[in-house]
Amino acid sequence: MSRQTTASTCCYCGVGCGVLIEHDDERILGVSGDPAHPANFGKLCSKGSTLHLTGDLAARALYPELRLGKGLSRARSDWDSALDHAASIFADTIAEHGPDSVAFYISGQLLTEDYYAFNKLARALVGTNNIDSNSRLCMSSAVVGYKRSLGADAPPCSYEDLELSDCVMIVGSNMAYAHPILFRRLEEAKSRRPQMKIIVIDPRRTDTCDLADLHLAILPGTDVALFHGILHLLLWEDWVDRDFIKAHTEGLADLKNLVRDYTPAMVAQICGISVEQLHQCAEWVGTSPSFLSLWCMGLNQSTAGSAKNSALINLHLATGQIGRPGAGPFSLTGQPNAMGGRETGSLSNLLPGHRDAANAEHRAEVARYWGVEQLPATTGLSAIELFEQVRSGKIKALWIACTNPAQSMPDQTAVRDALQACPFVVLQEAFRTTETAAFADLLLPAASWGEKEGSVTNSERRISHVRRAIAAPGEARPDWAITVDFAQRLEKRLRPGRPSLFAFETSAQLFDEYKQLTRGRDLDLSGISHALIDQLGPQQWPFPEGASSGTPRLYLDGIFPTDNGRARFVAEPYRAAKELRDARYPLTLNTGRLRDQWHGMSRTGTAAQLFGHVNEAVLSLHPDELHRHRLQAGDLVSLKSRRGTIIVAVDSDDSVRPGQAFLPMHWGDRFLKGGVNTLTQPAFDPLSKQPELKHSGVRLEPVNLPWQLFALVEGNVQQHLETLRPLCEAFSYVSLSLTGRERPALLIRAASAVAPEPQLLQAIDEQLGLIEGPVLAYDDPRRSIGKRVRIENGRITAIRLAGETLARHWLQNLWLEGRADEQLRRWLLAPLSAPPGNVGASVGGSKTLCNCMNVSQRAICAGIERGLDLQGLKQELGCGTQCGSCVPEIKRLLVATAQPVAAVS
Ligand SMILES: Nc1nc2c(c(=O)[nH]1)N[C@H]1C(S)=C(S)[C@@H](COP(=O)(O)OP(=O)(O)OC[C@H]3O[C@@H](n4cnc5c(=O)[nH]c(N)nc54)[C@H](O)[C@@H]3O)O[C@H]1N2
Ligand SMILES: Nc1nc2c(c(=O)[nH]1)N[C@H]1C(S)=C(S)[C@@H](COP(=O)(O)OP(=O)(O)OC[C@H]3O[C@@H](n4cnc5c(=O)[nH]c(N)nc54)[C@H](O)[C@@H]3O)O[C@H]1N2
Ligand code: SF4
Ligand SMILES: [Mo]
């Protein structure tokens, strides 16, 4: 087969970069940035550029699988039987318990056409508003913020504004990790125009702070107080745009009354910053010729998420910093098509075309267009409420697509109970390995990135055509096709003899039907089609029929899509996060992203290379906090919240303030026993219903888990993971990851209070290939200590240490170097457990900073010691020369070496 290139988009974040997929019609061979795509102009970050290395077929869902009774295991089925079965269960449930006894939980990672099919299915055919998406955990506070402050859910800016702005405030966003290509654009702009001011507002000192002129490490959840404090100063200093306020806004009087109380001293105290910092921030916001704000989950994932969004937009309205180049409130959308979800009505309270389910006129418009008598008026359930009602038994059939709630929803114990209790769970998934897959009664294999066609909208309202490069593996089908097929079977039962609502054969037909519902609305994209994007390239809405180009910026005329055309100041007082630190839970747990992992790791977790940057879930704590708890980096602790407990290793990290703790969000039960969201809370914002995933009260308790296990095994890592993870369930602490680039291996660390039964260890050894063949073993059953290594062709291919694991770094390094020498043999066959001689550098120290060029932190530090600067490091080691994602970290190492900080005693 000849090599070909297909232009498409990256399936990860909301930047929406264009990618060129290199393939031979059967396999994807490589990816590169699409130079013609206006989001990234050819660049890709460390996740985008490794897309072709992910998606191991061994982890993919390939055939429909059906479970015919709880307690039984699923068996392979075929599409006809599977979908007929699902249709009959849904039809029966609806007939017996009404339309609101079923629900759909979908995802910001679906394509616009997929969403549209799901919305029509739920609202027009089933007759329920119980259709919500994981965007409830992500963007719903921004949706409320835009709608109530500006009148419509429309981010008004363009990426270009990052380059044009004089003052950029990045708040609750670690864009260096989460929106790297936009961060690259900002870095370049700042290096061209160093006078541009960058403010970062984040309780942690993240890599994003690398670019900041001012970092406000506010106390978690205090953003509303901060924004009101800034507005207080803007009004006091007269840094406001009175003409704009008068001509284009309403409601300032009430807000003025409110913010009068937010004096600098009080705000500085609430936020845990200095009055000088507050003043500096207000001055730059108020006096810069243009002011842009960028925000993400630090604002949205909060019980005050809606208030935070509106309080930030207030600052733009007061200064007239909206509707012109380099200015405006600009939410960074998380998922690749969270925007498309909002446009098509994929939250329970919305309807297609930026309409509201609670609005009778909106319902009538859509019902008329769809040719049904009416749409349901009952309020639909939002994600947290939805799973509550699954748990209480009110929802009896649940359809989940393209999301992994058994990993990503807060309060996992409740979520897993709900999934367990639900009589019928359907899961439409590309990977059969996810935590949620274990609960599915029907697993439907979905085509994934590179295998499906449709459209997505990125953060700047730009619609791209997602193109298919290769056929989906096995029997996997595109999401819209699965949904339409199911809907056709269901309508035969629910509306027999009536014309089909789902006569779609291509995704373009779905798009063409959908776009008419946007006609005349703020997001009017009736002029766009798949073919038009192919012709003109990706376009920004609004793009009404007859237009020749899209719309880079909204509200240039100061007219807003509210009833009277005026934007609204929103006056809401600061409310603290729900779980404040107290004597029982003295730490605030913050959770968030790592650079190289994506959410529950169904895709990124298949590439060993992507574990190189951070190999294990560790709890970051300030050195003082470690000291106070008498802990050392690497120690295991029991981390408790009001909802559950997990056991995890701690690390010393002075980018986290004392009293706080940070855990990456990515590790679910598959990779870390219990998973991170066992701890997080379901409390949500009253308007957006978005849960407070960023702040949970926790405490640390010491654990005594003297019996430890370390294992490493090469080969089919997905299969090893699948068989070994359940065997590890008996241990208190279990952490799995992949390692190695050329020869990927599965790595297991586990610990428990007492040694396991010998049979369990034997079962594990069997899986590891450490029973027979070229295996060297030393066992001391009396001490419950044992070591086994498999050596093939002079190289280690599997390791297992039990009891204690002192030699693990040494062995892992030997494995990495492909060595299996006499010294190893002698050590293996002796009762010694500690490694011979020098333990060798810990493998932890060789964390891969530059993933593209495979350059370790150790190599970079050595280079810095030799006197190399950034340019020198790039030239000599090649690090940071490709995607650039590691440059902020390299710069930090350079700074740390230049000004050694006093060691913490
Ligand atoms: N590498 C990577 N990139 C991703 C994703 C991924 O999984 N991996 N996921 C994508 C998705 S869906 C999303 S939603 C985005 C999320 O992108 P971000 O929101 O940028 O990422 P997070 O790390 O979740 O959180 C951002 C920051 O909020 C801070 N924060 C916590 N509490 C507060 C607070 O009270 N106030 C303020 N001001 N800040 C606070 C945290 O310390 C954290 O640094 O990333 C997208 N991009
Ligand atoms: N503690 C904590 N929890 C969080 C967050 C946090 O910051 N902290 N962030 C929250 C946020 S912002 C988000 S967006 C959520 C994300 O949470 P999830 O939505 O659960 O995240 P993913 O793991 O990306 O799930 C997407 C699933 O779709 C599958 N998939 C991939 N491609 C396709 C496809 O084409 N079709 C189908 N049908 N399936 C496909 C993937 O294998 C994956 O299992 O997590 C939330 N949870
Ligand atoms: S910034 Fe990275 S993850 Fe996001 S779309 Fe671009 S390449 Fe993909
Ligand atoms: Mo998200």
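1. Let's start with ligand 1. Domain 3 (140–331) and domain 4 (587–702) each give at least three residues to the shell around ligand 1. Keep in mind while reading that this is a predicted model.

2. How many residues surround ligand 1? There are 35 of them, and the closest are Asn-174, Asp-202, Gly-221, Asp-223 and Gln-597. By type, the shell around ligand 1 splits into 12 nonpolar, 15 polar and 8 charged residues.

3. If you'd rather find ligand 1 by secondary structure, look for α5 (175–178), α12 (297–300) and β23 (587–592): each of these supplies at least two residues of the shell.

4. Now for some polar contacts of ligand 1 with the backbone. A nitrogen atom of ligand 1 sits 2.8 Å from a backbone N or O atom of Leu-594. For Tyr-177, a polar backbone atom is 3.2 Å from a nitrogen atom of the ligand, and for Gly-298 a backbone N or O atom is 3.5 Å from a ligand nitrogen. As for cover, ligand 1 has 900 Å² of accessible area on its own, and the protein covers 100% of that.

5. On to ligand 2. Which domains does its shell draw on? At least three residues come from each of domain 2 (65–138 + 337–453 + 467–502) and domain 4 (587–702). So domain 4 turns up at both sites, given its part in the shell of ligand 1 and in that of ligand 2.

6. Ligand 2 has 32 residues around it, and Asn-134, Ser-408, Glu-429, Ser-602 and Asn-677 come nearest. The shell divides into 16 polar, 11 nonpolar and 5 charged residues.

7. Taken alone, ligand 2 exposes 900 Å², of which the protein buries 96%.

8. Last, a helix to check by eye. Helix α13 (residues 305–319) has 15 residues, and at 1.5 Å a residue they should span 21 Å; the end C-alpha atoms are 22 Å apart, so the length agrees with expectation. Is α13 mostly covered or mostly open? Mostly covered: 15 of its 15 residues are buried. Just after the helix, Gly-320 takes a positive phi of about 65°.

Definitions and conventions:
Residues are numbered from 1 along each chain as its sequence is written. Chains are lettered from A and ligands numbered from 1 in the order in which they are written. This is a predicted model: local features need pLDDT of at least 70, side-chain atom pairs count only at pLDDT 80 or more; totals for chains, interfaces and linings use all residues. Side-chain values use heavy atoms; hydrogens and water are left out. A residue is near a molecule or strand if one of its heavy atoms lies within 4 Å of it. Accessible areas come from the Shrake-Rupley method with a 1.4 Å probe; for residues, only the protein chains shown count as cover. Ala, Val, Leu, Ile, Met, Phe, Trp, Tyr, Cys and Pro count as nonpolar, Asp, Glu, Lys and Arg as charged, and the others, Gly among them, as polar. Domain bounds come from an automatic or database domain assignment. Helices (H or I, at least four residues) and strands (E, at least two) are DSSP runs, numbered from the N terminus. The expected span of a helix is 1.5 Å times one less than its number of residues. Buried means under 20% relative accessible area, exposed over 50%, partly exposed in between (1.4 Å probe, protein chains only). A polar contact is a pair of N or O atoms within 3.5 Å; within protein, one must be able to donate a hydrogen and the other to accept it, and residues adjacent in sequence count only if both atoms are side-chain atoms.
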